[in-house]
Amino acid sequence: MKTTMTKLQRDQLIMNCLKKFKVCSRNHLAKLIFANNSNPVNVTNRVMKRLSMDGSVLPIPQTKDKVYLYTLNPSPIHHRSNKIDHALKIVDFYIQYGMPKQFVIEPTLGTYQPDILYRDKNSHSICVEIQLTQISVKKMQQKINQFVHEYGKEHDAKIMILCTNANYNGLRIP
């Protein structure tokens, strides 16, 4: 049985996604909201054009070879911010890990603030750090130390995932 959403419900889902993630690409929205449509990309383009025209969302200017990005109007993120790529990686992670129901972005856990705190399908809490730019080993070690220090007080995550292309030789688990 196929469930259908009203236009209002679908628009609200889009707004909730943009509020949660700050920015989403057209492809993200196609996977998150329009996956059950026969042509998710075309439907996403049509709906996002309408929402852009009525002023609900703002398209973020991109080069011609990149898909459109969208944010709420008014935007919680500047259209030239370096944080856009970070926000997009958070959406990528969310989709890649099966769109978990319990998924909190940048929670404050005492002195530790991971990029993501989520529960996997086995109800295990997991903290995630997404590091796109190189930071010092000392600063990364400080993040790990804060994760360990707040364990049992502010969170129950036994797993910390570090998503980065950088090499952090010398990190140790206290």
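The protein chain contains five helices and seven strands, in a model that is predicted. Read from the N terminus, the elements follow the order α-β-α-α-β-β-α-β-β-β-α-β. Taken along the principal axes, the C-alpha atoms of the protein chain fill a box of roughly 50 × 40 × 25 Å. Of the 174 residues in the protein chain, 38% are buried, and among the contacts between residues at least 6 apart in sequence, 53% join residues at least 24 apart.

Within α3, the residues Val43, Thr44, Val47, Met48 and Leu51 are buried. These residues cover an arc of only 120° around the axis and therefore lie on the same side of α3. Such a pattern can be read from helix geometry, because an α-helix has 3.6 residues a turn, so that residues three or four places apart point the same way. On the other side of α3, by contrast, Arg46, Lys49 and Met53 are exposed. The cover over the buried residues of α3 includes the helices α1 (7-21) and α2 (26-32), together with the strands β2 (57-60) and β3 (69-72). After α3 comes Gly55, a residue whose phi is positive, near 85°.

Four salt bridges are found in the structure. In one of them, Asp11 is paired with Arg50, with the closest N and O atoms 2.8 Å apart. Because Asp11 belongs to helix α1 and Arg50 to helix α3, this pair ties together parts that are 39 residues apart in sequence. The two partners can also be described by their accessibility: Asp11 is buried, with a relative accessible area of 13%, whereas Arg50 is partly exposed, with a relative accessible area of 25%.

A further salt bridge is formed between the side chains of Arg119 and Asp156, at 3.4 Å from N to O. This pair links distant parts of the chain, as Arg119 is in strand β5 and Asp156 is in the loop between α5 (137-150) and β7 (159-164), 37 residues apart. Arg119 is partly exposed, its relative accessible area being 30%, and Asp156 likewise counts as partly exposed, at 43% relative accessibility.

Glu129 and Lys143 also form a salt bridge, in which the closest N and O atoms are 3.2 Å apart. Here the link runs between strand β6 (residues 125-131), which holds Glu129, and helix α5, which holds Lys143, the two residues being 14 residues apart. Both Glu129 and Lys143 are buried.

Asp115, located in the loop between β4 (103-105) and β5 (116-119), presents another case of a charged residue that is buried, yet Asp115 has no salt bridge. The nearest side chain of opposite charge belongs to Lys143 and is 5.4 Å away, while a salt bridge requires the nitrogen and the carboxyl oxygen to be within 4 Å. The side chain of Asp115 is, however, joined to that of His86 by a polar contact of 3.4 Å. When neighbours within four places in sequence are left aside, the residues in contact with Asp115 are His86, Ile90, Val104, Ile105, Glu106, Val128, Glu129 and Ile130. Among these contacts is Glu129, the residue that forms a salt bridge with Lys143.

Notes. Residues are numbered from 1 along each chain as its sequence is written. This is a predicted model: local features need pLDDT of at least 70, side-chain atom pairs count only at pLDDT 80 or more; totals for chains, interfaces and linings use all residues. Side-chain values use heavy atoms; hydrogens and water are left out. Buried means under 20% relative accessible area, exposed over 50%, partly exposed in between (1.4 Å probe, protein chains only). Helices (H or I, at least four residues) and strands (E, at least two) are DSSP runs, numbered from the N terminus. The arc is that of the directions from the helix axis to the C-beta atoms. Contact means heavy atoms within 4.5 Å. Lys and Arg count as positive and Asp and Glu as negative; His and the chain ends are not counted. A polar contact is a pair of N or O atoms within 3.5 Å; within protein, one must be able to donate a hydrogen and the other to accept it, and residues adjacent in sequence count only if both atoms are side-chain atoms.
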